[in-house]
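Trainee: I would like to learn how to read a structure like this one, step by step. Could we go through it together?

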Amino acid sequence: MRKSWLIPLMLSSCGAKKAPEPVVEPRPFTNPAPRGEIMLEQAMTAMHNAARASVRQPPLVWDPQLAADAGAHAADLARSGRFEHARQPRGAAVQGENLWAGTRGGYRYDEMAQHWIDEARVFVNRAAPAFSTTGDYRDAGHYAQIVWSGTRRFGCATAVGAQHEYLVCRYAPAGNVVGERAIP
């Protein structure tokens with residue numbers, strides 16, 4: 001068994017003082033999960049666009065600059081061991097961001113994305129931040145960003161730290177805009 005962390009979208013803004021306990025999941029394979037930039041792009045594009053197609057949203061296009069921006073933040077998380085959203089400028093230049101962390105080499109790329117997509121079970125298409133049936137926006141925030149109708153481009157990257165692997169995906173234009181619905 002391997003340990004994984006799946007931390008809510010906006011952890012740094014919620015004021016939580018204690019990190020969530022790791023989730024222990026049985027693994028269907030024993031070797032490290034396969035890796036590579038092309039595999040990451042293919043898996044993330046397939047997973048994101050399947051989720052979007054299921055709610056009749058147009059596909060996202062992979063953006064190398066967003067992937068590079070995601071990579072810079074993933075490397076910072078891996079180096080520091082922190083798990084928090086990047087500080088970004090306010091306004092039109094802000095990028096949406098989904099974060100994931102788990103056991104190094106323990107998860108395939110599609111499994112990482114599936115953790116976010118599984119939030120669809122509590123997603124309701126109401127104006128942000130009221131898009132979760134639980135009443136806590138963090139329970140559906142990753143999914144809402146993935147299916148956000150105004151988002152057109154995205155890019156993702158991973159980095160490996162001392163204990164964990166980090167996945168960062170960036171989105172433009174950013175979703176999860178307060179007062180707006182993910183799907184008009």
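Mentor: Let us begin with the idea of a contact, which here means heavy atoms within 4.5 Å. Please keep in mind throughout that this is a predicted model.

Trainee: With that idea in hand, which residues is cysteine 156 in contact with, leaving aside its neighbours within four places in sequence?

Mentor: Beyond those neighbours, cysteine 156 is in contact with Leu40, Met44, Trp62 and Ala67, and also with Ala70, Leu167, Val168 and Cys169. Cys156 is also listed, together with Met44, Phe123 and Leu167, among the residues with the most contacts inside the largest nonpolar core, which has 32 residues. At least two residues of this core come from each of α2 (37–53), α4 (109–117), α5 (141–147), β5 (153–160) and β6 (164–172). There is also a second, separate core of eleven residues, and Leu77, Leu99, Ala101 and Val168 are included in it.

Trainee: How should I describe the way in which α2 and α4 come together?

Mentor: In general, two packed helices are described by the angle between their axes and the distance between the axes. Here the axes of α2 and α4 come within 9 Å and cross at roughly 30°. Angles under 35 degrees count as roughly parallel, and α2 and α4 are therefore roughly parallel to each other. The crossing in which α2 passes α4 is right-handed. Among the residues that meet there are Met39, Leu40 and Met44 in α2, and Tyr109, Met112 and Trp116 in α4.

Trainee: Is glutamate 180 buried, partly exposed or exposed?

Mentor: A residue is buried under 20% relative accessible area and exposed over 50%, with partly exposed in between, so glutamate 180, at 41% relative accessibility, counts as partly exposed. Glutamate 180 lies in the segment after β6, and, not counting residues up to four places away in sequence, glutamate 180 touches Arg126, Ala127, Ala128 and Trp148. Glutamate 180 and alanine 130 are 50 residues apart in sequence, while their C-alpha atoms are 9.7 Å apart in space.

Trainee: Where is the confidence of the prediction lowest, and where is it highest?

Mentor: Where pLDDT is low, the predicted coordinates should not be read in detail. The mean pLDDT of this protein is 85, and 81% of its residues reach 70 or more. Confidence is lowest in helix α1 (residues 11–14), at a mean of 31, and highest in strand β3 (residues 61–62), at 98. Over residues 1–17 the pLDDT is below 50, although this stretch has 58 contacts in the model beyond near neighbours in sequence.

Methods:
Residues are numbered from 1 along each chain as its sequence is written. This is a predicted model: local features need pLDDT of at least 70, side-chain atom pairs count only at pLDDT 80 or more; totals for chains, interfaces and linings use all residues. Side-chain values use heavy atoms; hydrogens and water are left out. A nonpolar core is a set of buried Ala, Val, Leu, Ile, Met, Phe, Trp, Tyr and Cys residues joined through side-chain atoms within 4.5 Å. Buried means under 20% relative accessible area, exposed over 50%, partly exposed in between (1.4 Å probe, protein chains only). Helices (H or I, at least four residues) and strands (E, at least two) are DSSP runs, numbered from the N terminus. pLDDT is the predictor's confidence in each residue, from 0 to 100. Axes are lines fitted to C-alpha atoms, for helices over the stretch in contact, and angles run from 0 to 180 degrees between N-to-C directions. Angles under 35 degrees count as roughly parallel, over 145 as roughly antiparallel, 65 to 115 as roughly perpendicular and the rest as oblique. A crossing is left-handed if the near helix is turned anticlockwise from the far one by less than a right angle, and right-handed if clockwise.
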